[in-house]
Amino acid sequence: MGKGGRTEVAASQKSGLDWTSPYDPLDKNAPELPTKGQIKAAIPAHCFERSYIWGMAFLIRDFIIAGGFVYATSLVLSTDVPDTAAGIAAWVAGWSFYAFWMGTIMTGPWVVAHECGHGAFSPSQDWNDVVGFIVHQLLLVPYFAWQYTHAKHHRRTNHLLDGESHVPSTAADNGLGKNQERLSFYAVWHEAMGDGAFAAFQVWSHLAIGWPLYLLGLASTGKLDHTGKPLKGIADHFRPSSPMFPDKVSAKILLSTVTTVASLFALAYASYEYGALPVLLWYLNPYFFVNAWLVLYTWLQHTDPSIPHYGEGEWTWVKGALSTIDRPYGIFDFFHHRIGSTHVVHHLFHEMPWYNAAEATEAVKAFLEPKGLYNYDPTPVWKATWKIAKTCHYVDGNEGIQYFRSLEDVPLSKDRKKTE
């Protein structure tokens, strides 16, 4: 069954944030999992109906909000830097406010374009791809490349080898020896930085640079290529020859790359024509917050010390899908179409339109919760983020059933030397 049961999550217990998933596959009394068909039968059939009108209505709503916010900001803020210290402080505060909220607002169209990739936007996949491609290009997303890899993320959720995005790294990957000696990399960094600083680094690296690193194939990718063989080389989202992609999608990957590069050139031209500072303030700063939101969702909805990950032979599609977590996002649910609070049903039925996901979630919850199979963590998102940054660092290996472990529970090198 593999090493690493979830009884050894001392760091999370010390944190006082002790929500745990009700399902533990290592428990001899673990309930039998339902089939996908049985779960689907619990959901009203109309929840699966897609509408051109509703899809476009939500997208137009998002852009109206964004346009209104840009206009309101233009009335009160200037891209010119003030001359006084007090003026600069107010200017920085104002543009920071704009960056966060504009990034928050534009995460809504990002989510809708993501729904296009799943086929949930309308009954026509051709129309879905047209809309999704245009919206994602506005946000520098290589639409077809990410559509392909994200589909794999759904097909192989929480698979230790063949998963995609936020695939757990092993103890050896993190620089731990066979007897938990801190030999290199994160294991050594953690000891040098200390618990809190390392957790802060985890938050920063995920939210600030995680998305571009993932697109470039430098972090968080799967461990197998598109043929199922061990990954060799860099698995980026831009080369048609990337080991992530089969030949049949090469033309689409190239199209996404060319248009993404064209978008970057357009930003460079705008910087030349209007100045780098206006482009930074109006576009790039909100863009970074959009990236932070999307990484936060994919990180939090699949990560907790009590959520299992499965190796080959243990993994099934239902096990992976039911390893998803719903969380409360408050006002941000409005802007982000409830993608974080209805994520369980989204992973079960990604073709379901987002505007029916809340009703479907209630039906799925009523079906799964009595069986001990529905994951809802009521912990405030900021606390959950900190908990995960402190407790979810590595798994023992890629076999069997694995749970995240924390470097905080690994003996420090200086303490190990004292006992030797």
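I started with the largest pocket of this predicted model, and its space comes to about 990 Å³.

Next I looked up who lines that pocket. I got 41 residues. Nearest the centre sit His166, Val167, His206, Ala219 and Ser220.

Then I wondered: which helices each supply at least two residues of this lining? My list has H6 (143-155), H7 (185-193), H8 (195-215) and H10 (276-300). H8 gives the largest share, with 11 residues.

I also sorted the lining of the largest pocket by class. I noted 21 nonpolar residues, 17 polar ones and 3 charged ones.

On to the second largest pocket. I wrote down about 380 Å³ of space for it. Its lining is made up of 16 residues. Phe100, Leu207, Trp293, Leu296 and Val381 are the ones nearest the centre here.

Which elements give two or more residues to the lining of this second pocket? I found H8, H10 and helix H15, which runs 381-391. This time the largest share comes from H10, with 5 residues.

How many charged residues does the lining of the second largest pocket have? I found none, next to 15 nonpolar residues and 1 polar residue.

Last, I put my helix notes side by side. H8 and H10 each supply at least two residues to the largest pocket's lining, and both turn up again for the second largest pocket.

Notes
Residues are numbered from 1 along each chain as its sequence is written. This is a predicted model: local features need pLDDT of at least 70, side-chain atom pairs count only at pLDDT 80 or more; totals for chains, interfaces and linings use all residues. Side-chain values use heavy atoms; hydrogens and water are left out. On a 1 Å grid over the protein atoms alone, a cavity is a set of points where a 1.4 Å probe fits but cannot get out, and a pocket is an open set with protein on both sides within 12 Å along at least five of seven lines; lining residues have an atom within 4 Å of a point. Grid points are joined across faces, edges and corners, and a volume is the space filled by probe spheres set on the points. Helices (H or I, at least four residues) and strands (E, at least two) are DSSP runs, numbered from the N terminus. Ala, Val, Leu, Ile, Met, Phe, Trp, Tyr, Cys and Pro count as nonpolar, Asp, Glu, Lys and Arg as charged, and the others, Gly among them, as polar.
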